[in-house]
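Please open the model in your viewer and keep a selection panel at hand. The stops below each begin with something to select and continue with what is found there.

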Amino acid sequence: MSKQIAAFIFGLIFGLGLIIAQMTNPAKVLAFLDVSGAWDPGLALVMASALLTLGLLQRFIPGLSEESATQQSQASCGTPKPGVDSKLIVGAAIFGIGWGLSGICPGPALVGLTSGLSGSYVFIGAMFAGFVLFYGLHREP
């Protein structure tokens with residue numbers, strides 16, 4: 001039970017951080033991607049903060065290692081395949097194109113649902129449609 005409470009608290013902190021950093025605002029994200037215009041480095045600062053936080057947590061919390069992360073990944077997603085394959089390339093391209101066109105990615109879209117942003121509802125619906133399509137196309141026997 002304590003793991004679920006901790007996960008809830010950390011998820012809440014993450015969501016609040018996204019709101020404070022304005023990462024739920026697609027215009028802010030698109031301004032980061034506009035390197036030839038009115039570029040906004042805010043997203044780079046958010047990414048750097050996330051990497052710093054992850055690095056500190058991995059360093060100072062025992063048991064938070066790559067091995068435990070791999071075990072969790074295998075438990076939820078099956079055995080990961082090493083290397084780069086066509087599924088990874090196509091998926092990354094679709095994600096990048098969608099992110100670049102909309103300025104929304106999954107984390108901020110989930111947070112955006114709580115504030116009633118219509119773009120978040122459309123994004124989440126399309127994301128789940130993509131999950132169903134992928135599962136239908138790549139189901140293992």
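Helices (H or I, at least four residues) and strands (E, at least two) are DSSP runs, numbered from the N terminus. The model is predicted, so local features need pLDDT of at least 70 and side-chain atom pairs count only at pLDDT 80 or more, while totals for chains, interfaces and linings use all residues. Residues are numbered from 1 along each chain as its sequence is written, and side-chain values use heavy atoms, with hydrogens and water left out.

Begin with Ile-13, which has its place in helix 1 (residues 2–20). Ile-13 is exposed, at a relative accessible area of 51%; here buried means under 20% relative accessible area, exposed over 50%, and partly exposed in between (1.4 Å probe, protein chains only).

Next, select Lys-28 and Asp-40, whose closest N and O atoms are 2.9 Å apart in a salt bridge (a side-chain nitrogen of Lys or Arg within 4 Å of a carboxyl oxygen of Asp or Glu).

Move on to Met-47 in helix 3, a partly exposed residue at 38% relative accessible area. Leaving aside residues up to four places away in sequence, Met-47 touches Phe-32 and Trp-99, where contact means heavy atoms within 4.5 Å.

From there, turn to the aromatic pairs, of which the structure holds 3. The ring centres of Phe-95 and Trp-99 are 6.4 Å apart and their planes lie at 20°, so this pair is stacked; rings of Phe, Tyr and Trp (its six-membered ring) pair if their centres lie within 6.5 Å, with planes under 30 degrees apart counting as stacked, over 60 as edge-to-face and the rest as tilted. Trp-99 counts as buried at 18% relative accessibility, whereas Phe-95 is partly exposed at 41%. Finally, select Phe-128 and Phe-131, an edge-to-face pair with 5.1 Å centre to centre and 80° between the planes.
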